[in-house]
Amino acid sequence: LAAAHRAPADGIRGRFDEARSVFAATLDQMSERGMATGTGIAMQAGWEIEMLAGDLESAERVARRGCEQLERLGERAWLSTQECQLGEALYELGRYEEAEQRVLRGLELGGAEDVYTQLLALEVRAKLSARRGDHSAALSLAQAADRLASTTQAPLLKGDAALALAEVSHL
C-alpha cells in the first residue's frame, strides 16, 4: 500500500508514465496477494496521478473503481475520502449534480476528524455554490477549507485549498 501511495510523487514531478507503471505493478502485486481492501484504498493514489496528469476521465474511472470496491467490502472510512475524490473529478468534468451527490455521501460516511475528506468536500461544495451563484456560501465554504488546510503540515492540501478559494473568488 505504501508503494501505491508513493507513485503520485512521480506524478508531481511530471513523470506520469512512470507513476502509472509503478501504480499498476503495485496493484497487480496487491491483487495477487488477495489484498482487496488495499487495492480499493490504493485507488486514491491512482486518482491523484490522473488528476495531476489532467486526465479527468481516467481520474473518474479510477475513483469510481475504488468506490465500488470499498462499497462491496463494506469499508466506510476510506470510502468517504474516495467518494469526495470522485466528486472532485466529476466537478472538473462539469457533472455538477453527481459531484455534489458524491461529496455529500463522502461527508455522510466520513468523520468530522477526517481532515482530508472534510477538505475535499468543502472545496467541491464551495465551487459548486459559486457556480450556482450563492457567492456568500461559496466564499464561506472556501475560507473554511483554507483554514482547515492551514492546520495541516501538508503543502499539497494547503495548495489545493488555496486554488479552490481562488476559483471561488474568480467565479
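A residue counts as exposed when its relative accessible area is over 50%, as buried when that value is under 20%, and as partly exposed in between. Keep that in mind while we walk through the salt bridges of this predicted model. There are 13 salt bridges in the count.

Let's start with Arg13 and Asp10. The two form a salt bridge, with their closest N and O atoms 3.9 Å apart. That falls inside the cut-off, because a salt bridge needs the nitrogen and the carboxyl oxygen to be within 4 Å.

Next, look at Arg20 and Glu50, whose side chains meet in a salt bridge at 2.7 Å, N to O. Arg20 belongs to helix α2 (residues 16-32) and Glu50 to helix α3 (residues 36-53), so this pair ties together parts that are 30 residues apart in sequence. Here Arg20 is partly exposed at 29%, whereas Glu50 is buried at 9%.

Now for Lys127 and Glu92, which pair up in a salt bridge at 3.6 Å, N to O. Lys127 comes from helix α7 (residues 115-132) and Glu92 from helix α5 (residues 77-92), so the link joins parts that are 35 residues apart in sequence.

Glu60, Arg64, Arg95 and Glu98 are linked to one another in a network of salt bridges.

Notes: Residues numbered from 1 in each chain as written. Predicted model: local features only at pLDDT ≥ 70, side-chain atom pairs only at ≥ 80, totals over all residues. Heavy atoms only, no water. Helix = DSSP H or I, 4+ residues; strand = E, 2+ residues; numbered from the N terminus. Buried < 20%, exposed > 50% of the residue type's maximum accessible area, 1.4 Å probe, protein only.
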